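Please look over the model shown here. Some questions and answers about it come after.

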Amino acid sequence: MGGRLAKLPPPVTQLPRALPVPKAKPLTRWQQFAAKKGIVKRKRSKLLYDETTGEWRRRHGYKRANDDNDIPIIEAKATDKPGEDPFAALAAEKRERVKTNRAAQLANLKQAAKKAGPGVLPASLRLAATLPGEGGKVGKGVGKSLRRKELKDDIKTASRLAGISTASIGKFDKRLTGEKPGERAPLGKRRNFMPVTDTKAERSKAGSIAEKLLKERSDDILDIRKAMTRMESQAREERHQAKRKREEESDGRGGAKKGRKAGGGGGRGGKKGGKGSAGKAGSKGAKGFKGAAGKAGKAGKGRR
Amino acid sequence: MQAEDATPLVPGQTKLVKAKTRRGKRYLESRAPKAIEDAKRVLFLYGNQTSQVIKDVITDLYQLKRLEAQKFTRKNENVRPFEPGGETSLEFYCNRNNCSLFVLGSHTKKRPHNIVIGRMFDFHLYDALEMGVEELKGIRDFGAAGTGAQLGNKPCVLFVGEKFESVPAMALAKSLLLDIFRGEPVDKINLAGIDRVVMAVAMDDSRLQLRQYSVRFKKSGTRIPRVALTEMGPRIVFSVRRYRLPPSDLQQEAMKLPKLGKKKEKNVSSDSLAGKVGRIYMPKQSMDTLGLSKYKGTKRERRESAREAAEARKRPKAAQPVTEGPSTE
């Protein structure tokens with residue numbers, strides 16, 4: 001496919017970016033030191049002359065020159081102690097160097113993140129804070145101090161359990177030196193048990209439970225006798241009211257009725273001005289004045 | 001890359017979390033911020049209810065951006081870019097799919113045939129524009145006019161109407177449409193690869209029309225070809241509804257220009273003695289199959305014409321007696 005390439009001029013309309021501009025990484029500790037001292041980075045040659053084989057080998061990688069793992073013989077020095085393994089010592093030194101190198105790298109990253117925020121870290125790395133007991137590993141994964149604390153708690157719990165596993169729940173045992181008063185006491189509230197031979201208490205307790213249940217469900221439980229008496233009293237009261245009304249209409253009118261009514265109304269009204277119980281008593285009294293005294297109480301109840 | 005540090009972790013310490021595979025590392029680096037960014041990917045999705053019109057618009061726009069887009073097929077009811085808490089789902093989807101633009105289609109009684117085009121900065125909602133689709137003529141209705149255009153080519157984008165500068169909603173629409181159709185930022189373009197023109201016309205303060213043409217170059221007498229435009233793509237009339245502009249601090253952050261270092265010219269160095277010195281790397285050549293330069297006389301046509309002339313001379317010579325001296329040829 002042919003076609004000529006045209007060089008485009010720089011853009012005129014500026015569009016917003018999708019991601020923020022990449023930040024410049026702050027210099028690491030070595031880079032700062034090198035900058036101060038004027039140390040320049042030099043490129044290393046790919047090949048290196050290997051003394052043992054007498055040939056040019058690559059510096060890193062497969063069959064590298066001066067490989068530390070391939071040393072067959074290490075000559076003993078005067079300062080060497082018998083029983084020491086020089087190969088193991090070399091390996092241990094290497095491990096130490098790698099460890100310090102990694103720690104230094106991590107320190108550099110943390111310093112960079114602290115200075116300029118997490119955006120300066122390389123995209124494939126991330127710094128995460130570790131929480132105690134992270135990963136669910138108790139043991140190697142967790143710090144030494146945390147392990148010790150957990151062991152101490154375990155020992156304390158065990159000694160307490162041992163102390164209260166006597167017939168008297170450790171109450172009369174001698175306290176050891178250094179032991180604090182509450183350390184060997186049983187944990188939790190003291191439980192009280194009812195005596196086995198007391199039937200009266202048991203019966204009253206069962207009875208109270210039954211009463212409580214019935215009280216809660218009293219709305220649902222229908223006492224037929226009570227309902228019947230209530231309905232009958234209501235009907236009686238209504239009949240009585242109707243009868244009185246007819247008597248009043250047929251009897252004389254005017255002052256007697258009015259006066260009686262006014263008195264009743266005033267009495268009721270005056271008493272209503274007081275408190276609730278006083279008001280109730282007042283109304284009862286007024287009703288008693290109006291109708292039959294004997295039926296007043298019941299009628300009042302029914303009304304209500 | 002192998003097992004992490006053997007040093008025991010202490011509470012309060014920081015742990016270094018690395019990518020576990022090289023492929024993972026490369027992927028994370030590809031998603032890291034860069035000085036010059038890649039093409040913005042678009043996320044196409046539907047809201048709570050859709051209509052056939054909206055589905056057609058979304059599918060057509062998706063076809064235009066296929067490789068640089070991701071389309072969700074299901075309806076999402078908690079995606080509401082214009083409500084204060086409604087953008088968290090959207091930000092999560094865009095983050096997961098590495099999309100910095102989104103096109104959300106929905107249809108409600110209050111806002112029929114609704115499209116929200118929006119942008120993300122650092123995968124947080126930056127700005128958004130809501131438009132209603134008034135008229136639509138899909139790609140299919142234009143027949144085979146669009147078959148000439150190839151996916152992945154950058155279109156020419158044209159904005160007609162001074163409303164795109166004066167009205168803020170239209171200016172936002174211009175910016176968003178440019179972002180969608182832009183593709184990869186390049187500094188050189190192959191002229192044969194320009195095969196689409198996207199045109200946006202501002203009809204009035206709140207309506208804009210989108211059209212797409214496919215470009216064909218015809219022969220003209222001069223070196224510059226004659227351009228033939230045929231309408232191919234969706235023809236959509238939008239009416240602008242709500243819009244949401246970015247907060248000013250975020251806008252400042254997003255509009256920052258990166259400091260571009262000068263590109264290192266490879267294989268060129270300067271020497272104090274020779275001045276500017278360049279290096280050329282030659283491929284290996286085998287001497288047997290080397291294509292040497294040919295002499296004019298050894299070319300086939302020349303040999304054949306010479307042979308024919310010689311034969312022509314021989315025949316008349318045979319007819320006539322030899323009277324002349326040596327031939328002049």
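Predicted model: local features only at pLDDT ≥ 70, side-chain atom pairs only at ≥ 80, totals over all residues.

Residues are numbered from 1 along each chain as its sequence is written, chains are lettered from A and ligands numbered from 1 in the order in which they are written, and side-chain values use heavy atoms, with hydrogens and water left out.

Q: How many disulfides are found over all chains?
A: A disulfide is a pair of cysteine sulfur atoms within 2.5 Å. The sulfur of Cys94(B) has its closest cysteine sulfur in Cys99(B), 5.8 Å away, which is too far for a bond. Over the whole structure, the number of disulfides found is 0.

Q: Is Cys94(B) buried or exposed?
A: Buried means under 20% relative accessible area, exposed over 50%, and partly exposed in between (1.4 Å probe, protein chains only). The relative accessibility of Cys94(B) is 0%, so Cys94(B) counts as buried.

Q: What share of the residues of chain B count as buried?
A: Cys99(B), with a relative accessible area of 0%, is one buried residue of the chain. Chain B has 329 residues, and the share that count as buried is 35%.

Q: Among contacts in chain B between residues at least 6 apart in sequence, what share join residues at least 24 apart?
A: Contact means heavy atoms within 4.5 Å. Among the contacts in chain B between residues at least 6 apart, the share joining residues at least 24 apart is 64%.
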